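Trainee: I am new to this structure. Please show it to me before we start.

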Amino acid sequence: MLVKSYAAAVQGISATVITIEVNCTKGIQFFLVGLPDVAVRESHERIISALQVSGYKFPRNRIVINMAPADIRKEGSSYDLPLAIGILAAAEELDASRLSQYMMMGELSLDGSLKPVKGILPIAVKAREEGFKGFIVPRQNACEAAVVNNLEVYGVSNIKEVIEFIAGKRNLEPTVVNTREEFYARQFQFEADFSDVRGQENVKRALEVAAAGSHNLILIGPPGSGKSMLAKRLPSILPPFTLQESLETTKIHSVAGKFGLNTSLMTQRPFRSPHHTISNVAMVGGGAFPQPGEISLAHNGILFLDELPEFNRSVLEVMRQPLEDRTITVSRARFSVDYPANFMLVASMNPCPCGYYNHPDRPCLCSPGAVQKYMNRVSGPLLDRIDIQVEIVPVPFEKISDRAPCECSEVIRERVMKARAIQKKRFAGHDGIYSNAQMTSKLLHEHAVPDSAGLSLLKVAMQRLNLSARAYDRILKVSRTIADLEASPNIEVRHLAEAIQYRSLDRETWGT
């Protein structure tokens, strides 16, 4: 008897329906075709044990299984459940009349229980698009899949529950998640807050400007000056996720297997902080069977690179193109996948090998030329793509010991959200552009035009600092954000002056 069950394969952050065709005839052989990998082929032994423990017999027949489309590689153990159900139905031990209504995924243990799998959210989206009535998943994945509305999601613990449900002998309660209620309830639960930070008012201001316009940022200062502490508080002042952003980011983390069990949606923007020993592939994504890298896991959030010069230079260079295009294409001989990579780059570094160049109290012990050599570990083109470059000095004792209340993240976030609202209205007619940092050259000439006094100031800065054309654009973008924070329709001289002073590394005196 020939029957069909349905599963899905994830490619990039989208899914493709996989039709599992099982034909059971007289004989004793077992064939599994359709480009299955080793993990899929090994399902044979897992299915035999799971059925035996659950009180069912693996059919002693000639079984041929085709996983269509046959030209897409099938990876992982998540096909165990649909394969097992298809085999039982083909052997006429299970009524196959309801199989076409459900998509199912899950890894089988030898005792018949189901283990969670990754990539459930994009598969659930595909199941709804294809008109399936329901989606059967391991219980730990049920909340994640239930985010998708107009789809009945059933979380099950073992294969026996699935068999009895398909046979009509058991009723399963669909998992229901109030997506909006859960999403909005946890948006502003941050462990770190700017109210904990003493002093560093100029750096807080720079972080506020960066958050308001989604600008890339680098903090330069000696050890212990608070670079990492300040960077880790940046998510608390970013605008909250929209539901669309949350879904897109959750799909990436689901595909990468980084999503927590028994959870539904990501409610806070990601903050990724990879170690400086990271490889090129781990940073941008890829591998023999491509997976999202850190730049995609930081999509709609922050990628924090601590001690920037310690990263391998080639790792930093591969980020240059995604920083501009906000997407990364991973190409292989047989296929290519696109991963979104719209992230804020936040980096920190010491000013020199010993860490005390330009320190107000401690002398720098580096040899002549060592500072510039240390800076050269980070290429000029990469630094050019960082809009805001800020020097940090240690906080004096009087500031550290001061117990006066500091401005909290909530107050700063309100100002940031007002500036973002202005930008959202400004770019309403432009798809894919939501912030000043994303402005194209054409939009820059429309919305970031300084007056004659501002142009004179900018000309002097360009000549004295020997700035590139890209740095010119970055200054205009930052000044537009500063004007938005003040709700000013025009870019004034003071806005440009503040934006120019955020180009610390462009000064002629730096590192000499």
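Predicted model: local features only at pLDDT ≥ 70, side-chain atom pairs only at ≥ 80, totals over all residues.

Trainee: What share of the residues of the protein count as buried?

Mentor: Buried means under 20% relative accessible area, exposed over 50% and partly exposed in between, with a 1.4 Å probe and protein chains only. The protein has 512 residues, and the share of them that count as buried is 54%.

Trainee: How many helices and strands does the protein have?

Mentor: Helices (H or I, at least four residues) and strands (E, at least two) are DSSP runs, numbered from the N terminus. The C-alpha atoms fill a box of roughly 85 × 50 × 45 Å, taken along the principal axes. The counts are 22 helices and 18 strands.

Trainee: Which helices are included in what covers the buried residues of H2?

Mentor: Helix H2 spans residues 43-53, and its buried residues include His-44 and Ile-47. Strands E3 (30-33) and E6 (107-108) are part of the cover. The helices included are H1 (38-41), H3 (80-90) and H6 (159-166).

Trainee: Is Glu-294 buried or exposed?

Mentor: Glu-294 lies in helix H12, residues 294-297. Leaving aside neighbours within four places in sequence, Glu-294 is in contact (heavy atoms within 4.5 Å) with residues including Arg-272 and Leu-303. Because its relative accessibility is 13%, Glu-294 counts as buried.

How values were computed:
Residues numbered from 1 in each chain as written. Heavy atoms only, no water.
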